[in-house]
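Visitor: Could you take me in for a close look at just one part of this structure? I'd like to know what sits beside what, and then how that part's chain meets its surroundings.

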Amino acid sequence: MNPTQTMAPAQTEVEQKYKVIGTRPIRHDGVDKVTGRAVYGADVQLPGMLHGKVLRSPHAHANIKSINTAKAEALYGVKAVMTAADFPDSGSRTANLGELGEVPLKPMCDNVMASDKAVYHGHAVAAVAATSPHIAEEALGLIEVEYEVLPPVMDVLKAMDEDSPLVHEDLYTDELGEKSAKPSNVASHTRHVKGDLSQGFAAADHVLEREYRCATVHQGYIEPHAATAMWNPDGYLTMWVTTQGAFTVRTSVHQILDIPVSKLKVIPTEIGGGFGGKIPVYGEPVAAVLSRKARRPVKVVMDRTEVFQATGPTSGSYVKLKMGVTNQGRITAAETMLAYEAGGYPGSIVALGGICMFAPYNIDNTTIDMYDVVVNKPKTAAYRAPGAPNSEFAVECMLDEFCERLGLDPMEIRLLNGAKEGDIQSHGIPHPRIGCIETTEAARDCEHYQTPLEGPNRGRGVASGYWVNAGLTSSVTARLNGDGTVTLQEGSTDIGGTRTSIAMQLAEVLGIPVEDVVPSVVDTDSVGYTEVTGGSRVTFATGWAAYNAGQAIKSQLIEQAADLWKVDKDQVSLADGVITTTNGDSRSMTIKELAADLSQKGIDVGSRETVTPQNHGGAYATHVVDVEVDPDTGKVTILRYTAVQDAGRAIHPSYVEGQMQGGVVQGIGWALNEEYFYNEDGLLMNSSFLDYRMPTSLDLPMIETIIVEVPNPGHPYGVRGVGEVPIVPPQAAISNAIARAVGVRLGDLPMSPQTVVKALSAKS
Amino acid sequence: MQAFDYVAPKSLSEAVSLLEQKGERARVLSGGTDLIVQVRENRRDVDLIVDGKKIAELMELSFDSQSGLTLGACVPCVRFYEDARVSQLYPGLNDAALLIGGTQIQNRASFGGNLCNSSPAADSIPALIAHSAVCLIAGSGGTHTVAVEDFCTGPGRNVLGPKELLVSFHVPPPPKNFGAHYLRFIPRNEMDIAVVGCGASLEMESDLRTVKKARVSLGAVAPTPLLVAEAAAELEGRELDDGAIEKAAAAARAAARPITDMRGTEEYRVHLAGVLTRRALETSLERAKEE
């Protein structure tokens with residue numbers, strides 16, 4: 001069986017249209033990565049480099065009364081010790097976040113290192129730089145911290161109670177734009193209203209109301225955070241960082257340390273996964289301060305426990321959902337309350353949970369109430385389609401319950417309600433051209449869905465998902481070499497093979513092989529401003545910058561050839577790497593020939609491009625999964641899985657399939673076993689890959705993929721972001737499959753074996 | 001991690017004298033799959049590591065039809081399961097050897113190390129108990145023996161004195177009509193610690209229906225691995241039908257007194273103790289019949 005198939009409408013037409021796009025070349029960084037030569041964050045070595053280690057709070061919630069570092073400083077081999085007192089005072093400083101206005105810097109600084117209060121187990125409180133990691137570790141044990149331990153607040157609903165202990169005494173609720181009278185753990189309450197709920201529910205024949213919960217889960221990237229800083233006595237700071245955004249690190253470190261961006265260069269290393277978790281800074285400002293104090297380079301590398309305790313995760317959440325449908329399955333109204341944990345500081349991703357929640361469906365009457373709530377857990381970070389899985393899980397589970405009650409096919413109810421271009425979303429924005437219907441139809445028609453599932457304790461589940469994607473700013477610099485190849489410098493760190501998917505778009509414009517484009521990810525001094533690798537935006541936006549660079553080089557080559565041939569440039573064209581005259585005199589030369597000539601003459605051909613495209617288009621996915629449940633142990637086995645997704649245009653189909661499979665795998669982990677397990681004192685008990693149970697290769701079938709291509713009119717090649725949406729459907733698809741296998745509906749994640757057994761025994 | 005000394009003695013007497021000198025500051029190293037991690041993560045503080053892998057008695061793997069199996073404390077799992085004879089004669093031990101970690105871990109990890117680490121969830125201990133294994137322990141006063149089920153005294157604790165070391169296991173030769181099995185439940189299919197583990201062995205009468213002798217053992221349901229004599233009592237002298245198996249499973253559930261932690265709730269572990277006891281007995285019976 002071929003595990004992957006591409007169902008591209010008009011594929012033959014595409015093949016004729018494009019020479020490079022849609023092919024599957026070997027990635028430019030492939031050899032470096034398979035031979036182990038690629039330099040990742042922890043591989044950085046500098047002369048005289050010290051090793052930094054971070055002391056972390058053993059309590060979930062505690063006031064820091066005092067920190068005494070004298071004994072640690074006296075230990076032989078220790079070159080610097082720091083606390084939050086070494087950061088510039090953040091008390092009154094703010095950061096300008098553009099449209100979001102001025103925000104206080106203190107929470108961001110305090111998350112990097114606690115000043116007055118530790119708000120989660122593992123919160124950084126001090127750090128040491130020493131000549132070896134072992135000495136640094138020993139020195140941490142000599143730092144004396146006096147804590148006043150406070151009761152922890154670990155659950156989003158309990159945190160919302162009037163009488164809950166407060167994570168921050170000075171946090172007031174932004175209650176629909178008004179500041180609350182009393183401090184609270186609720187940082188904000190926002191609302192989207194569309195239509196009229198009471199009319200909508202009145203039109204319904206069936207109404208369900210349910211609660212859904214997601215445990216806190218981590219991105220689980222294989223490479224821990226690592227940062228190396230070299231602060232020169234002349235005030236220039238250079239940093240080597242494994243990050244999703246070198247410019248974002250530059251901005252964050254500039255804000256926290258109050259130094260000019262012009263004195264700060266960030267060199268991104270290779271990155272071993274991020275999924276949104278490598279956007280915030282953690283050890284970067286710490287390494288910088290230690291370097292300044294020690295006057296030597298300092299490297300700070302986290303271990304896995306630190307990664308779990310103090311970085312990432314995504315929000316644990318509570319969702320209450322009420323939906324009404326007609327007997328035919330038409331959704332008439334939906335009312336929801338989303339409460340997302342922000343972690344120790346405000347700023348969960350609940351807003352995106354609200355925007356995405358009902359996006360696959362056209363529903364006339366919706367109300368969405370969103371709460372951002374602080375708890376004594378690590379500050380949440382983005383995680384692949386951040387916010388969307390938590391809320392869409394509820395909708396997709398409830399739709400399946402309606403299907404079962406009304407005897408409707410899960411695909412048909414999704415097609416009946418499916419969103420189309422022009423439909424107004426729940427937050428008031430109309431959908432652009434989207435591939436919701438096409439994706440669902442491809443899932444309905446696929447061989448997997450059309451093949452009946454047989455056997456006891458087996459069930460098939462279906463769920464869809466939407467992710468909004470992002471545009472944002474991207475830059476590239478491209479230069480033609482004397483041999484006709486093109487050097488392409490880009491600001492987007494390469495997580496999913498984007499060096500190649502970006503280069504392919506430039507190669508397509510010039511009609512040259514992608515191997516003749518030499519892409520590299522460069523530092524913040526060497527390319528224009530580029531936003532993070534996130535929002536599934538790199539192939540879309542940075543690819544667009546490369547497309548523009550290709551167009552610029554193309555017109556420069558045409559001008560140069562016209563000059564050489566002494567014809568008007570309108571009479572010259574470039575295709576398939578060859579420049580020809582169109583006036584009938586049949587002159588032609590290859591790009592390589594012209595490049596050699598121009599190089600000899602000292603004429604530079606190249607371009608630097610910056611784009612901020614807006615029409616990124618949303619991404620849709622529909623998944624089908626077959627499971628088998630062991631009724632004695634509650635263990636769920638994934639028998640077969642098919643992911644169908646609209647890619648707009650699959651530039652490099654293998655990477656699209658890889659993203660789809662990777663998202664599904666993370667979704668399966670989220671569905672079945674992953675969760676932060678805290679004890680009653682708020683201490684994280686499973687901060688290792690042994691007890692934080694991500695799926696292994698032995699827990700998964702081959703994930704089958706079907707790419708649907710509904711070109712995004714907002715991109716020259718029709719690209720849509722593909723990286724995030726595949727994590728959205730799996731949780732509900734699996735819950736629905738379990739329901740159909742053994743007759744219990746599970747609304748709390750993870751659906752671990754013990755929760756399945758508990759539900760089965762409650763049923764019988 | 002702190003600096004420590006490492007010695008690889010060539011004889012048992014040399015090892016015992018090193019332990020006598022350093023007492024609780026010394027620790028015997030077998031495969032190191034637990035010890036090295038503990039030292040590196042500052043969970044164990046040692047001055048001296050005494051490597052047992054150069055001592056002949058600790059590396060012995062031999063079988064004699066009269067006296068049974070001698071399994072040195074430092075013999076890695078791989079040597080056990082790649083030995084066609086012993087792996088077939090002691091199927092429960094073989095199950096455990098194949099379950100501990102992945103292939104790379106099995107190349108280092110040993111039954112002896114697993115027992116001395118004394119985790120309540122250790123995979124090899126219920127299997128050793130099911131096979132009636134006995135420990136040979138050496139110290140300055142000579143050697144003595146302890147049944148495996150009496151070895152552990154709590155999580156990470158056991159009967160070994162600070163100046164003693166485990167030399168080997170002695171396992172009786174399997175009788176006629178014998179079958180054994182060890183299995184565990186983990187939420188994934190690899191890379192997990194047992195939520196519950198269960199070992200069982202059955203010696204059947206020649207009719208292959210009546211139980212002559214039975215042993216049932218459980219892991220991860222108490223501070224130490226348990227021998228569940230009450231389960232065996234429900235089986236011995238009776239026909240092994242569904243009713244008898246359910247009684248043994250009920251006895252296992254009754255014997256389980258687990259805690260709730262990140263690997264499972266108390267309630268779920270009690271439930272699994274019954275499920276796994278049933279499955280362990282069923283497979284043991286199949287194996288007894290295949291013999």
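**A strand and its neighbours**

Guide: Let's start with strand 12 of chain A, which runs antiparallel to strand 20 (residues 366-374) of chain A, with eight bridges joining the two. Bear in mind that this is a predicted model. To find your place along that pairing, look for Ser188(A), which stands opposite Asp372(A) in strand 20 of chain A. Strand 12 of chain A, covering residues 186-194, also pairs with strand 10 (residues 172-175) of chain A, this time in the parallel sense and over two bridges.

Now step back to the chain around it. The domain assignment of chain A gives domain 1 as 45-152 + 225-300 and domain 2 as 471-611. Their C-alpha centres lie 40 Å apart, and 16 residues of domain 1 of chain A are in contact with 13 residues of domain 2 of chain A. On the domain 1 side of that contact, helix 8 (246-257) and strand 16 (264-268) of chain A each supply at least two residues. By class, that side divides into seven nonpolar, seven polar and two charged residues.

Last stop is the other chain: 19 residues of chain A are in contact with 18 residues of chain B. On the chain A side, helix 21 (residues 753-763) gives the most, with three residues. The side of chain A that touches chain B has seven nonpolar, seven polar and five charged residues.

Note on methods
Residues are numbered from 1 along each chain as its sequence is written. Chains are lettered from A and ligands numbered from 1 in the order in which they are written. This is a predicted model: local features need pLDDT of at least 70, side-chain atom pairs count only at pLDDT 80 or more; totals for chains, interfaces and linings use all residues. Two strands pair if DSSP finds at least two bridges between them. Helices (H or I, at least four residues) and strands (E, at least two) are DSSP runs, numbered from the N terminus. Domain bounds come from an automatic or database domain assignment. Two residues are in contact if their C-beta atoms, placed from the backbone, lie within 7 Å. Ala, Val, Leu, Ile, Met, Phe, Trp, Tyr, Cys and Pro count as nonpolar, Asp, Glu, Lys and Arg as charged, and the others, Gly among them, as polar.
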